[in-house]
Amino acid sequence: MESFIFHCRALRCPLSLADCLGSKVFSIIKSDINGNITKIRAVYDQDPAKYATLQAILEAERETHKEQWPKVGATLALMWLKRGLRFIQVLLQSLADGERDESNPNLIRVNITKAYEQALKKYHGWLVQKVFNAALIAAPYRSNFLKNLSKGEEVKEEECLANVRHFLVNYTATIDAIYEMYTNLNAELDYTV
C-alpha cells in the first residue's frame, strides 16, 4: 500500500466534494470526514517513518491496544472515514451512471439515497437515519451539484460526468484497498450509532 501521504491527499478531496452538496445539513458529512482524517494524521505525525502506510498504523495500534483494538484510535477513525468515502464514491458513481428520478430528473435525492443505503445506513440507528432523511430534503439540484463539481465553471453535463468517471478510477481503487485491508486485518466493526 502506498504511503500515508498519498492517501491523505487522495482522501482530502472528498472534503471539497462534500461542499458541493451545498446544504449546511450536509456539513456533518464534511466535519466527520475532516475529523477522522485529523485523527489519522495525528498518529502519522508522531512518527512518519514508522507510520508510512495506513496498514502500518493499524498494525501498530493492534499491537499497542490489544483487546481494545480495533475500537480505538486511528483504526476506528479510518473505519468511519472509509464509510464516508464510500458514500461519496457511490453517490458519484450513481450520477456518472446516469441514475435519475424520472419524475424529478434534476434532483439528486435518488443518488444520495442510494449512496446512504449502500455505505452508511446499516451503521446508523433510527435517530441518525431520521436526521439523514430530513437532510435529504435540502439536497441540491443535479445541475447545481454538477456546476459546483466544476468549481462554478459552465461545463457541459457530459464533460463534467466524464471528469467524475476519470476521478472515480483512482478514488474507487483507494477506497477498495482500504476496505480490503480492514477485511484482511479483521478490523471491521458492525455496530450502529
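Arg 86 counts as buried because its relative accessibility is 15%; buried means under 20% relative accessible area, exposed over 50%, and partly exposed in between, with a 1.4 Å probe and protein chains only. Before going on, please note that this is a predicted model, in which local features need pLDDT of at least 70, side-chain atom pairs count only at pLDDT 80 or more, and totals for chains, interfaces and linings use all residues. Residues are numbered from 1 along each chain as its sequence is written, and side-chain values use heavy atoms, with hydrogens and water left out.

Arg 86 lies in helix H4, while Asn 111 belongs to helix H5 (residues 109-119). Helices here are DSSP runs (H or I, at least four residues), numbered from the N terminus. Asn 111 is buried too, because its relative accessibility is 0%. Each has a side-chain polar contact, tabulated below; the term means a pair of N or O atoms within 3.5 Å, where within protein one must be able to donate a hydrogen and the other to accept it, and residues adjacent in sequence count only if both atoms are side-chain atoms.

| Residue | Partner | Polar contact |
|---|---|---|
| Arg 86 | Gln 89 | 2.9 Å |
| Asn 111 | Ser 94 | 2.8 Å |

Contact means heavy atoms within 4.5 Å. Leaving aside neighbours within four places in sequence, Arg 86 is in contact with Ala 119, Ile 175, Asp 176 and Tyr 179. With that same exclusion, Asn 111 touches Leu 91, Ser 94, Leu 95 and Glu 99.

**The nonpolar core**

Which residues touch the most other members of the largest nonpolar core? They are Leu 78 and Phe 87, in a core of 52 residues. Such a core is a set of buried Ala, Val, Leu, Ile, Met, Phe, Trp, Tyr and Cys residues joined through side-chain atoms within 4.5 Å. H4 gives the largest share, 14 residues. Beyond its neighbours within four places in sequence, Leu 78 is in contact with Ile 40, Leu 54, Leu 58, Ile 178, Met 181 and Tyr 182.

**The largest pocket**

The largest pocket has a volume of about 460 Å³. A pocket is an open set of points on a 1 Å grid over the protein atoms alone where a 1.4 Å probe fits, with protein on both sides within 12 Å along at least five of seven lines; lining residues have an atom within 4 Å of a point. Of its 22 lining residues, Ile 28, Ile 29, Asp 32, Leu 120 and His 124 are the closest to its centre.

How values were computed. Points joined across faces, edges and corners; volume = space filled by probe spheres on them. Helix = DSSP H or I, 4+ residues; strand = E, 2+ residues; numbered from the N terminus.
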